[in-house]
2 protein chains.
Amino acid sequence: MPVETPHLRVDLGRLRRNVRHVAEQAASARIALRPHAKTHKSLEIARLQLASGAVGLTVATVGEAEAFVRGGCTDVFIAYPIWVDEGRAQRLRDLAEQARVAIGVDSVESAANGGRRLGGSGIEVLVEVDSGHHRTGVPPKDAGHVAKAAARVGLPVRGVFTFPGHGYARGAADEVVAAEATALRVARESVEAAGLDCRVVSGGSTPTLAASLGSAGASGDLGRVTELRPGVYVFGDAQQWELGTVDPDDIALTARATVVSHAGGRVVLDAGSKVLGADRAAYATGYGRILERPRARVVSLAEHHAVVEWPGRRPRLGSQVDVVPNHVCAAVNLADVLWVEEAGRLRAWDVAARGLNS
Amino acid sequence: MPVETPHLRVDLGRLRRNVRHVAEQAASARIALRPHAKTHKSLEIARLQLASGAVGLTVATVGEAEAFVRGGCTDVFIAYPIWVDEGRAQRLRDLAEQARVAIGVDSVESAANGGRRLGGSGIEVLVEVDSGHHRTGVPPKDAGHVAKAAARVGLPVRGVFTFPGHGYARGAADEVVAAEATALRVARESVEAAGLDCRVVSGGSTPTLAASLGSAGASGDLGRVTELRPGVYVFGDAQQWELGTVDPDDIALTARATVVSHAGGRVVLDAGSKVLGADRAAYATGYGRILERPRARVVSLAEHHAVVEWPGRRPRLGSQVDVVPNHVCAAVNLADVLWVEEAGRLRAWDVAARGLNS
């Protein structure tokens, strides 16, 4: 019996190619790759990444770290300024007995709090700096101050990191990568001026990946980034398609949906926001794209309905269509299973870290 | 050990009060209540609704129907124009052996397809009509045509239904309820003119609920709606708060979050779009509200970060805050568990139908 719609489907050939391609590029640029596993939340995909040379995984939460360590990963960086309460401290200490663990920190207070509960556990910290995205992270020149506070309370400092999220805008990549490199250089110098080593200088994202790797060989600022943490590159999504950073022929994940209604001449699919996610960036042209029909747009989205503007002859009722979600991390986090296709065969891969937000 | 953030928390007193209040209003208006369970996806909450007089449940998918029938519900309406493929036909036939089941239909083709696979199963249909939301549903005057097609292939017609989704706009409720009533009257007449009974005339939603119930006693069009299907009313959310249809003192579900960063003077919480959902309606003033601080706004949202504009003295790092999600159906569908609070005690209720999109 075929798998019923809506469901997420992965083209394993494309996925493997994406994993390998970025691994090779990072290797030839001599930059460590620590892919962000929040995108796929899958042990199988993590293993592909580690087998192709990733130095470890990046995750967003303690729960994700636990899932991947349970699955065999021995090196995780929780790239998030965790507030270490009593419960999380215990979980992190348990994790540190099984794997190499690092966490983010972006204030003297959270360093002090983390140190009180984790000092001596072997867990390292990276200081998060703001390279222009203005979410979390201290100003680069303050990195040393926070690093010193962490070191003082028994949290060894591994280095500095940033997320150049302002690279999610058309044509922004080169400028953002330059700003990121400058921020990370200033942060590194600040840590070193505080008398500490700064072994890891970590940045990167999928939309800025080509710019990072392209510049890495050059001398100067960009050569100082030692680690990249892209996530979305394994699948691609409609955001990357629209930013021009992923070719539609490389998109490895789609939501397979059925045409359920032609009401009012519309094309209505059974994959809604509970399958695709409701993300719609300012630059997005809709709520999702159709792989085989680039001019089509998902123009409105309800929980179980996608209304598609479909140029030309519309697909008949009951036929199936592959939708590219805007933001693949959100779509994957809605599914319990990815249906992975290779040579016409389907198998189910668990989304092992789904919903592990704490 | 306290439950770690971020997590969804339900105030059981408020939840019970919301369930009871709407049940009483529907009873006194002599309108059947068939709450939409896609909002809560919880067997415990379904039982509260059924115990307070709901005639059955509304659900969006076959998977949701299966979960609630397994949990003891004996009457489910899948208010969706399902395309009945082979797999779904088998599942629906199995369901119909355990419960009273109805599905939506909005075209002659889907009626014919459904009849071929479900005819004689005892499963009834309701014809979906478009009352102005322009998503699915036939024009009201065509309801009889579709109903006749269904009856011809062995799918007994229970009645007609609509979703007045255009009621999700400020100040729209009265006008939308009037349009809904007219559409349903025309649809009912169309079915009757086709020589069929139209026992159920079903509409409603949370933002239009007060208008529906307020008008129901009056003579004329509005008296002809026999069944209402609101969902969100059990919890409320920031959308309803901003539409003015739910009082903040009645909001029963929040995401408990920790302040993790003060970077740049901001208040950054650990509940992002993977907890709150990314919904942002045109009328929304942000990505979520703060229950105890009505002037605060979630001004930007990432997967694990909510940035809050917080008037006045900002909450300290490590403190906890209750965020009201914009769209509670989306938030619940991201969680495996609701933490239900009564008299200071917490217990976990499974989100039993989470992710059951097919």
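Which residue in β9(B) is the bridge partner of B:Ser202? The partner is B:Glu227, and Figure 1 shows the pair. The legends describe a predicted model, in which local features need pLDDT of at least 70 and side-chain atom pairs count only at pLDDT 80 or more, while totals for chains, interfaces and linings use all residues. Residues are numbered from 1 along each chain as its sequence is written, and chains are lettered from A and ligands numbered from 1 in the order in which they are written.

**Figure 1. Strands β8 and β9 of chain B.** Strand β8 (residues 200-203) and strand β9 (residues 227-228) of chain B pair in the parallel sense over two bridges. Strands here are DSSP runs of E of at least two residues, helices are runs of H or I of at least four, and both are numbered from the N terminus. Two strands count as paired if DSSP finds at least two bridges between them. Strands of a sheet pair through backbone hydrogen bonds, either parallel or antiparallel. Both strands belong to an open sheet of eight strands in chain B, with the order β2-β9-β8-β7-β6-β5-β4-β3 and parallel pairing. At the edges of this sheet are β2 (32-33) and β3 (57-59) of chain B, each pairing on one side only.

**Figure 2. The eight-stranded sheet of chain A.** In chain A, an open sheet with parallel pairing has the strand order β2-β9-β8-β7-β6-β5-β4-β3. The edge strands β2 (32-33) and β3 (57-59) of chain A have a single partner strand each, so one side of each is without a neighbour in the sheet. Within the sheet, β7 (residues 157-161) of chain A runs parallel to β8 (residues 200-203) of chain A, and three bridges join them. One of the residues to look for is A:Gly159, whose bridge partner in β8(A) is A:Val200.

**Figure 3. Helices α6 and α7 of chain A.** Two packed helices are described by the angle between their axes and the distance between the axes. The axes of α6 (residues 143-152) and α7 (residues 173-193) of chain A come within 7 Å and cross at roughly 45 degrees. Axes are lines fitted to C-alpha atoms, for helices over the stretch in contact, and angles run from 0 to 180 degrees between N-to-C directions. α6(A) and α7(A) are therefore oblique to each other; angles under 35 degrees count as roughly parallel, over 145 as roughly antiparallel, 65 to 115 as roughly perpendicular and the rest as oblique. Their crossing is right-handed: a crossing has this hand if the near helix is turned clockwise from the far one by less than a right angle, and is left-handed if anticlockwise. A:Ala143, A:Gly144 and A:Ala147 of α6(A) meet A:Ala187, A:Ser190, A:Val191 and A:Ala193 of α7(A). Residues are in contact if their C-beta atoms, placed from the backbone, lie within 7 Å. This contact has five nonpolar, two polar and no charged residues. Ala, Val, Leu, Ile, Met, Phe, Trp, Tyr, Cys and Pro count as nonpolar, Asp, Glu, Lys and Arg as charged, and the others, Gly among them, as polar.

**Figure 4. Helices α3 and α4 of chain A.** Helix α3 (residues 62-70) of chain A packs against α4(A) at an angle of about 25 degrees, with the axes 11 Å apart. The two helices are therefore roughly parallel, and α3(A) passes α4(A) in a left-handed crossing. A:Val62, A:Ala65, A:Glu66 and A:Val69 of α3(A) make the contact with A:Arg88, A:Arg91, A:Leu92 and A:Leu95 of α4(A). Five of these residues are nonpolar, none polar and three charged.

**Figure 5. The interface of chains A and B.** Here 57 residues of chain A are in contact with 57 residues of chain B. α4 (86-96), α5 (108-118), β10 (253-261), α10 (273-276) and α11 (328-332) of chain A each supply at least two residues to the side of chain A that touches chain B. The residues of that side divide into 21 nonpolar, 23 polar and 13 charged. Of the interface residues of chain A, 100% are also interface residues in chain B, so the copies meet through the same surface.

**Figure 6. The axis relating the two chains.** Chain A is superposed on chain B (RMSD 0.0 Å) by a rotation of 180 degrees with 0.0 Å of shift along its axis. The two copies are thus related as by a two-fold rotation axis. In chain A, the C-alpha nearest the axis belongs to A:Ala278, 2.6 Å from it. The superposition is by least squares on the C-alpha atoms of residues with pLDDT of at least 70 in both copies.

**Figure 7. Backbone details.** The peptide bond from A:Thr5 to A:Pro6 is cis, with omega near -10 degrees, and A:Pro6 lies in the segment before β1 (7-11) of chain A. A:Arg30, in the loop between α1 (12-28) and β2 of chain A, has phi near 55 degrees, a positive value in a residue other than glycine.

Definitions and conventions: Two residues are in contact if their C-beta atoms, placed from the backbone, lie within 7 Å.
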